[in-house]
Amino acid sequence: MSGLYLHIPFCRQACTYCDFYFSTSKDRGGVLDAMELELIKRSRELGDGRVGTIYFGGGTPSLLEPGRISTFIQQAQDLFRVERDAEMTLEANPDDITAERLAEWKVGGITRISLGTQSFRDERLKWMGRAHDARQALTSIDLIAKAGFKTWTIDLIYGLPEMSIEEWDEQLTIALDHGMPHLSAYCLTVEEKTVLAHQVKKGGVHMPGDDTQSAQFDRLMERMDAAGLDHYEISNFGKPGHYSRHNTSYWEGVPYLGIGPSAHSFDGITRRWNLSNNAGYVKALNERTVYWESETLTPAQRTNERLMTGLRTAKGVDIAKLEVDALRINSSAFQQHVSNGSMRIADGRLVLSRAGRHFADRIASDLFVTDDDR
Ligand code: SF4
């Protein structure tokens, strides 16, 4: 069973912290037509053709006419064996949500809405360069909750400059009061070549320290635990039955096909990524030239990916599936993280403790191997 990802590379405006590939052009038809062409061209790449999840990400897929989303779904159903109960997620921004559009997405096959809420405070949304305001965030959540999707989720950002623990608590209370079954909460990070990076470099913005961000992560875990949302991945919390199946597949190394500019694909051994340039992508598709790069992962790289993604999940890493014995090769780092309580082995899996989740990426990289280690 595989996943299908469609990258819709358009946004209304640029958020200051964002480093995803998108364009603010209103001329979208050429890219969407080229994506349909790519889908047809690559329809044999998915093994037995069984698709369990379809994910429209971006960019801002909710900017498209709902009919265009249902056309992609129909096309996928014609080309692949899409499971009857497939999860079909649409990323949407609050400024695109209306009861009518929600109904059209649902009729077209969407089962899950992922709402880019980010904050319930106007001044924060403005600072981030978001196109919506707090009222739209709240109204859209209410509309989604009533629309009858199988499930839905919202995104929130913490670790903002001068964010107090009280402000973060308030954000979580608002979200929980609106009955969300799933939350993705991300700590603000400064990515290179973003407006935010420029602001920080110039001294106009001061990012909070690690201790402040860490305290907010602790509060997040406490609040979600008390509300009955499982912490199933570092940034993701869900009620039972509401976990993201698509993202869980990524973390478990399941193959997926990525369509659209900048989209990534993985067949279990080779990673492939498309050109991050709309015009170049369209031209290459139409002229049948190459629009991607690829890399075949070595056993050490596959081991490191399993450590990096698996340690972020509550299920942890199946040690028997590691192709290179990372725990023996890095035994002193492994022993150190076990003895300081960051990590343990349970039922043959390497799992982080609550304290260890603060340093998941660092712990994973301490266990990394090289092909020379084998
Ligand atoms: S809407 Fe999403 S993808 Fe678009 S600029 Fe903002 S954060 Fe990036």
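**View 1. Three strands make an open sheet in the order β13-β15-β14, with antiparallel pairing.** Strands here are DSSP runs of E with at least two residues, and helices are DSSP runs of H or I with at least four, numbered from the N terminus. Two strands pair if DSSP finds at least two bridges between them. The edge strands, β13 (317-318) and β14 (343-346), each pair on one side only. This is a predicted model, in which local features need pLDDT of at least 70 and side-chain atom pairs count only at pLDDT 80 or more, while totals for chains, interfaces and linings use all residues. Residues are numbered from 1 along each chain as its sequence is written, and side-chain values use heavy atoms, without hydrogens and water.

**View 2. Strand β14 runs antiparallel to β15 (residues 349-352), joined by four bridges.** R344 stands opposite V351 in β15.

**View 3. The residues around the ligand are C11, Q13, C15, Y17, C18, F22, G59, T60, N93 and R130.** Ala, Val, Leu, Ile, Met, Phe, Trp, Tyr, Cys and Pro count as nonpolar, Asp, Glu, Lys and Arg as charged, and the others, Gly among them, as polar.

**View 4. Helix α1 (residues 29-41) packs on helix α10 (residues 278-287) at an angle of about 45 degrees, with axes 9 Å apart.** Axes are lines fitted to C-alpha atoms, for helices over the stretch in contact, and angles between N-to-C directions run from 0 to 180 degrees. The contact (heavy atoms within 4.5 Å) involves G30, V31, A34, M35, L37, E38 and K41 of α1 and N278, Y281, V282, L285 and N286 of α10. Those residues divide into seven nonpolar, three polar and two charged.

Notes: Near = heavy atom within 4 Å.
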